[in-house]
Amino acid sequence: MDFWANSIAQLQNTFGVKFLLSPVYLAGTVMIVWAIWLWRGKPGGFLRFMLPKEYYLHPSTLVDIKVGLFNTLFTATGVISALLVTPYVTVAVLGWLSAITGGPIAPEVTGLWQGIIAAVLLFLTQDFCRYWNHYLHHETRILWPFHAVHHSAEVMTPITFLRAHPLYSALQALMISALVGTVQAVILFALVGQIEAWVIYAGTLAFNSYVFFGGHLRHSHIWLSYGRVMEHILISPAQHQVHHSSDPKHHDKNYGEVFAIWDWMFGTLYVPDGPEDLTFGIADRDGVRIAQPHPTLKDALVGPFVEVWEDVLKGTSHDPEKAAE
């Protein structure tokens, strides 16, 4: 059980400030931005191209930083980690399967192909969970106010990655734990005699590799597209920027984290034909911008609870589907 808990904790540590400030990711991002700068014919100075001060000194970015620091402290309390109960779900489901069938049907020794299949299934399951967690936060009236904290960013920088309400992170942890724990149990029962460490870390490595190639640019002013074919398979930084756009044609699009196949499958995929001029922030269904609802840390943390109480539970207010999705 300690191994499972440590594995999940390691996965969790991939995110947050440690992830954002990792020298490997920072160096990779700088290299990619430099290549884009060269490709576009060196439009102005490189530092100006990469770090425009009007974005990084914007009041919205200051809120990004404050929310990110709060989340770092909140995560340090262990609350989010306590919700990552994947190993317990796995043990419970595995016990249930064993009880009704008389025992595992997996081979005693884990074969290479069993391990590869297990790793792929786990990675796909985690990404599938992130898609549906994201989708439900946009499409469910009582959840949207908490995710709106992230979408209320008026400029995009890599720091915007940290602009997430703690409740959003908590619900994602619970959903991933429930579904991944169940899938892990089935894999252990049917494919893998005993799960190897590399099976767990293969998914983490795959996710890190994806993030290395432009992950920081998902929340930025720099357009990076993978092309129409690949953007039906993988979500590019450009597609995620589109997801944040206040333009009505971009609403309810590109919920995927890594794979675009979920969006393609469920009709929420948007593949741009080329670079688009995007405006960020929250807008209504007609694209009319809504005044910044989270100008301070307090508004970002407390405001969603107030909105849920007044607008949703009491049913006293405006169209809940106001998102710049």
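Predicted model: local features only at pLDDT ≥ 70, side-chain atom pairs only at ≥ 80, totals over all residues.

Residues are numbered from 1 along each chain as its sequence is written, and side-chain values use heavy atoms, with hydrogens and water left out.

The structure holds six salt bridges (a side-chain nitrogen of Lys or Arg within 4 Å of a carboxyl oxygen of Asp or Glu). One of them joins Asp64 and Arg163 at 2.6 Å, N to O. This pair links distant parts of the chain, 99 residues apart: Asp64 is in helix α6 (residues 59–76), and Arg163 is in the loop between α10 (144–151) and α11 (166–190). Helices are DSSP runs (H or I, at least four residues), numbered from the N terminus. Asp64 is buried at a relative accessible area of 0%, and Arg163 is buried, with a value of 0%. Buried means under 20% relative accessible area, exposed over 50%, and partly exposed in between (1.4 Å probe, protein chains only).

Another salt bridge pairs Asp273 with Arg228 at 2.9 Å, N to O. Here Asp273 is exposed, at 75%, while Arg228 is partly exposed, at 43%.

Asp127, in helix α9, is buried yet has no salt bridge; Arg130, the nearest side chain of opposite charge, is 4.2 Å away. (Lys and Arg count as positive, Asp and Glu as negative; His and the chain ends are not counted.) The side chain of Asp127 does make a polar contact with that of Trp262, at 2.8 Å. A polar contact is a pair of N or O atoms within 3.5 Å; within protein, one must be able to donate a hydrogen and the other to accept it, and residues adjacent in sequence count only if both atoms are side-chain atoms.

Notes: Helix = DSSP H or I, 4+ residues; strand = E, 2+ residues; numbered from the N terminus.
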